[in-house]
Each structure stands twice: as structure tokens, then as C-alpha cells.
Amino acid sequence: MGQIARIAVAIPLLGGSLALGAGVASATPSVVGMTYDKAKQAVSSAGLKSEVSTSTGTELKQGDCIVVNQVVRPASTFGRQSTPAKVLLSLNCNAAVASAGEAGNSAESPAGQKAKKEQAALAWRQTPDGQAWCVQAKQQHPDWFPIEGCPT
């Protein structure tokens with residue numbers, strides 16, 4: 001087979017594998033920003049498998065780590081061996097806000113400021129006033145629940 005004939009055969013084959021990869025990528029939900037447990041569930045609901053590709057920090061349990069990146073590895077076939085598509089997840093397992101002896105986001109960073117507000121709101125919901133707010137909010141806005149720190 002001549003060089004031009006080989007190229008003519010290879011181009012359609014390559015195009016088919018690229019199309020398959022693009023279809024899987026477009027059907028994959030974005031899970032960046034979710035906890036690993038929630039991301040795994042979302043990827044599984046889309047009919048795909050997930051795998052941790054990288055992880056930084058050790059402050060959080062793996063299920064509570066935050067997904068900071070995702071990459072779709074498309075399905076492939078080599079001879080008789082097929083590898084199904086998989087979503088590779090990168091996790092940040094540092095604490096939401098750094099403190100003495102704990103790695104995490106700077107309290108001055110946007111992520112750190114957001115985490116500090118969430119921590120303050122959670123602490124307030126543990127107070128009698130916060131618990132009363134939880135009861136009232138659940139009656140008026142049941143679609144908001146569950147809310148962390150409020151009784152279920």
C-alpha cells in the first residue's frame with residue numbers, strides 16, 4: 001500500500017475516534033467545585049466511571065475533597081482490549097481556610113473569604129436564633145433544604 005493510500009485510510013479512522021471522544025466530553029457533567037462524593041454520583045448518573053487522577057492535601061476525607069479539574073479520557077480499543085471512557089478528577093483536600101498547622105486557602109483569597117462566610121453562617125445556625133431561623137425557613141422555603149446546620 002502506498003503512502004497516500006495509508007493516509008487516506010488513516011484519516012477516516014482518526015476522525016471516527018475524535019468524534020467518539022467529543023460525544024463523551026459533551027455528555028459529561030461539569031463537576032468542578034463539587035465534593036468528590038457528589039461529583040462521583042453526578043458522573044455515575046451520566047453513565048460514566050470516574051477516577052482520582054491527582055490529589056493535593058490531606059486535611060479532608062476524600063469524599064469531602066473539592067474537585068478542581070476534570071478531564072475526560074475517551075473510550076479506546078487496542079486490538080481486542082477495550083477501555084471504557086472515564087472522567088479523571090483532580091482533588092483539593094486542603095481545609096477550606098488555612099489555620100495554624102492546617103493547609104488551606106488564604107483567608108484573604110476569594111475562596112477563603114467565601115469559606116469564612118460559610119463557616120460563620122454554619123456557626124450561627126447552631127445558635128438558638130439560627131435554629132429558629134431554620135424552622136421558619138423550612139416552613140416558608142422547603143425547596144432550600146437540606147441546609148447544613150439545620151435540623152432535617
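Modeller: Buried means under 20% relative accessible area, exposed means over 50%, and partly exposed lies in between. Please keep in mind that this is a predicted model.

Colleague: With those limits, is G104 buried, exposed or partly exposed?

Modeller: G104 is found in the loop between β5 and α3. Its relative accessible area is 30%, and a value between 20% and 50% falls in the middle class. G104 is therefore partly exposed.

Colleague: How far apart in space are G104 and E59, C-alpha to C-alpha?

Modeller: In sequence, G104 and E59 are 45 residues apart. In space, the distance between their C-alpha atoms is 8.4 Å.

Colleague: In what order do the helices and strands of the chain run from the N terminus on?

Modeller: The secondary structure of the chain comes to four helices and five strands. Of the 152 residues of the chain, 20% count as buried. Read from the N terminus on, the order of the elements is α-α-β-β-β-β-β-α-α.

Colleague: Which pattern do the disulfides of the chain follow?

Modeller: A disulfide is a covalent bond between the sulfur atoms of two cysteines. The count here comes to two disulfides. One is formed by C65 and C93, and another joins C134 to C150. With bonded cysteines counted along the chain, the pattern is 1-2, 3-4.

Colleague: Which parts of the chain does the pair C65 and C93 tie together, and how many residues apart are they in sequence?

Modeller: The sulfur atoms of C65 and C93 are 1.9 Å apart, and the two residues form a disulfide. C65 lies in the loop between β1 and β2, whereas C93 lies in the loop between β5 and α3. The pair therefore ties together parts whose separation in sequence is 28 residues.

Colleague: Is the disulfide of C65 and C93 left-handed or right-handed?

Modeller: C65 is buried, with a relative accessible area of 0%, and C93 is buried too, at 4%. The torsion about the S-S bond of this pair is about 115°, so the disulfide is right-handed.

Colleague: Where do C134 and C150 lie, and how many residues apart in sequence are the parts they tie together?

Modeller: The disulfide between C134 and C150 has an S to S distance of 1.9 Å. C134 belongs to helix α4 and C150 to the segment after α4, so the link ties together parts with a sequence separation of 16 residues.

Colleague: What is the handedness of the link between C134 and C150?

Modeller: Both C134 and C150 are buried. The torsion about their S-S bond is -65°, and the link is left-handed.

Colleague: Which residues do ring pairs link into a cluster?

Modeller: A search of the whole structure finds two aromatic pairs. W133 lies in helix α4, which covers residues 128-140, and is partly exposed at 30% relative accessibility. A nonpolar surface patch of about 310 Å² is made by the residues of the cluster. These residues are W124, W133 and W144.

Colleague: How far is the charged end of K138 from the centre of the ring of F145?

Modeller: The charged end of K138 sits over the ring of F145. The distance to the centre of that ring is 5.7 Å.

Colleague: Is the peptide bond from F145 to P146 cis or trans?

Modeller: Most peptide bonds are trans. P146 has its place in the segment after α4. For the bond from F145 to P146, omega is near 10°, and the bond is cis.

Key
Residues numbered from 1 in each chain as written. Predicted model: local features only at pLDDT ≥ 70, side-chain atom pairs only at ≥ 80, totals over all residues. Heavy atoms only, no water. Phe/Tyr/Trp six-rings, centres within 6.5 Å; stacked < 30°, edge-to-face > 60°. Lys NZ or Arg CZ within 6 Å of the ring centre and 35° of its normal. Patch = residues over 30% accessible without salt bridge, like charges linked within 9 Å, V, L, I, M, F, W, Y side chains within 5 Å. Areas by Shrake-Rupley, 256 points an atom, 1.4 Å probe, with all protein chains shown as cover. Salt bridge = Lys/Arg side-chain N within 4 Å of Asp/Glu carboxyl O. Helix = DSSP H or I, 4+ residues; strand = E, 2+ residues; numbered from the N terminus. Buried < 20%, exposed > 50% of the residue type's maximum accessible area, 1.4 Å probe, protein only. Disulfide = S-S within 2.5 Å.
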